[in-house]
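User: I have a model open and would like to go through it with you. Could you take me through the chains and their packing?

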Amino acid sequence: MRAHINKTGCDFSSDVAGFIYDEISPVAKSRVQEHLRSCDHCSQEVTALSAARLSIHQWRQQTFAEMDTPVIVLPRRVLQSTNTGSFGQWISWLLRPPVLAAFTALVVIALAVIVQFRPAAVEIAQDLEVDRTTQSIITAQDKVINEPDTTREILVTPVVPKAAAADGPARAASAPTPKASRKTLLGARAEAAKASKGVNSIPSDRSVATDAAKLPQLSDFVENEDQTLLLSDLLSEVEPG
Amino acid sequence: MWKQLTDEQLVKAALGEDPDAFGEIVKRWERKIFALCFGMLGREDDARDAAQEAFIAAYRNLSNFRGDAKVSSWLHRIAVNQCLTIKRRAKTRSEDFLDDETDEASRVFVAPLHQSPLKLAEQGERLIIIRQAVQSLPADLREVIAMKEFEEMTFQEISEVLELPLSTVKSRLYTALNQLRRKLERSPVEII
């Protein structure tokens, strides 16, 4: 206990409060009484403290003792809000066994649905990705083809090569058909596009010109005016969809 | 039905959505809490409001009650906090507070009829001084004075409610009485 040493140096304060309120052991009480008999200063101090205590007691007796106990009323809204809106009660409701069981069952069903339908969903996503890639390739090709360069003006004549024509009608008969020639031309065109910067990138005029040089030349074919087609017409025929 | 249960059992019952159990807690503690509030605030109206608000706050926070503390400790803490809140509010309207000092004294002081008007006036004035002296004590000292003098609790009970060592309670009471004595000695009216 913290010591309250008074002006005379007496240290009896550890028992003073107990002595004033008469909550002290008999031994300690007789010790304090003995000291007070021999020390005027401490005696006066205890008298003053007791007087202060008595003042409070009188104040209580003349005011509080006459007062009625207030009627404590808990408003209905407080009772309702506490019974239904308490967060703690919601938590305890959630932790009840039936609620927990229902929640667990829902989680299991959700997992089963995910496991069941996930492969199909992945497949669809992959298809969509392939479609997007194809579409971008076609777009790039269109870009290359529609560039205003000299290759656009080339009239493609899917005809018999000169060498075959020189061999006569028999070789001419065995020469590639117009349809086969178109395929050859388109295949070469696609390779040229791949060789450019990238599938999705749009090649510059210069690279297009370089690519065009790699294409089969008109001089490799024998002209056949009946089968003459524009390159754009060919592409529109073979484009999917 | 509820009378045989402890406070802690009543709280559990109240948490089981039975408001009547909390009603029993209110019955048990309303006078003591009112006494504490009066000792802390010194005004009947404020004490009534504080007690009412304290019980409402206790009911609202019933689910937060920790079983490791006593219900009495918990209720006292809530009530003391409520008193401090009301005291702060009163400070903001301190001018009004000073204006109605005279009315307050005449209202709360029930004087015996056989005393002379002069004696009655002196007693009324003395009670005001005592109340002001108590109210000017720091909150922790006022708290122990209110518990000891108005709730008439023992040192041991105060120690349990405030969760303080017994020696600290005694020390606070000694300090409170000492400060009070000095304040009263300075007052112009004879105390005893």
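User: What helices and strands does chain A have?
Analyst: Chain A has 11 helices and two strands, where helices (H or I, at least four residues) and strands (E, at least two) are DSSP runs numbered from the N terminus. From the N terminus on, the order is α-α-α-α-α-α-β-α-α-α-α-β-α. This is a predicted model, in which local features need pLDDT of at least 70 and side-chain atom pairs count only at pLDDT 80 or more, while totals for chains, interfaces and linings use all residues. Residues are numbered from 1 along each chain as its sequence is written, and chains are lettered from A and ligands numbered from 1 in the order in which they are written.

User: What share of chain A is buried?
Analyst: Buried residues account for 13% of the 241 residues in chain A. A residue is buried if 20 or more other C-beta atoms, placed from the backbone, lie within 10 Å of its own, exposed if 12 or fewer do, and partly exposed in between.

User: How many residues of H2(A) are buried?
Analyst: One of its 13 residues is buried, and H2(A) is hardly covered.

User: Moving to the other chain, where is B:Leu177?
Analyst: B:Leu177 lies in helix H10 (residues 166–186) of chain B.

User: Is B:Leu177 buried or exposed, and why?
Analyst: B:Leu177 counts as buried because it has 27 C-beta neighbours inside 10 Å.

User: Which residues does B:Leu177 touch?
Analyst: Leaving aside neighbours within four places in sequence, B:Leu177 is in contact with A:Leu49, A:Ala52 and A:Arg53. Two residues are in contact if their C-beta atoms, placed from the backbone, lie within 7 Å.

User: How do H3(A) and H10(B) pack?
Analyst: Helix H3 (residues 40–62) of chain A packs on H10(B) at an angle of about 85°, with the axes 9 Å apart. Axes are lines fitted to C-alpha atoms, for helices over the stretch in contact, and angles run from 0 to 180 degrees between N-to-C directions. H3(A) and H10(B) are therefore roughly perpendicular, a term for angles of 65 to 115 degrees.

User: Which residues of H3(A) and H10(B) meet?
Analyst: A:Ala48, A:Leu49, A:Ala52, A:Arg53 and A:Ser55 of H3(A) meet B:Leu177, B:Asn178, B:Leu180, B:Arg181 and B:Leu184 of H10(B). By class, this contact has six nonpolar, two polar and two charged residues. Ala, Val, Leu, Ile, Met, Phe, Trp, Tyr, Cys and Pro count as nonpolar, Asp, Glu, Lys and Arg as charged, and the others, Gly among them, as polar.

User: Finally, which residues of H7(B) are buried?
Analyst: The buried residues of H7(B) are B:Arg126, B:Leu127, B:Ile128, B:Ile130, B:Arg131, B:Ala133 and B:Val134.

Note on methods: Parallel < 35°, antiparallel > 145°, perpendicular 65-115°, else oblique.
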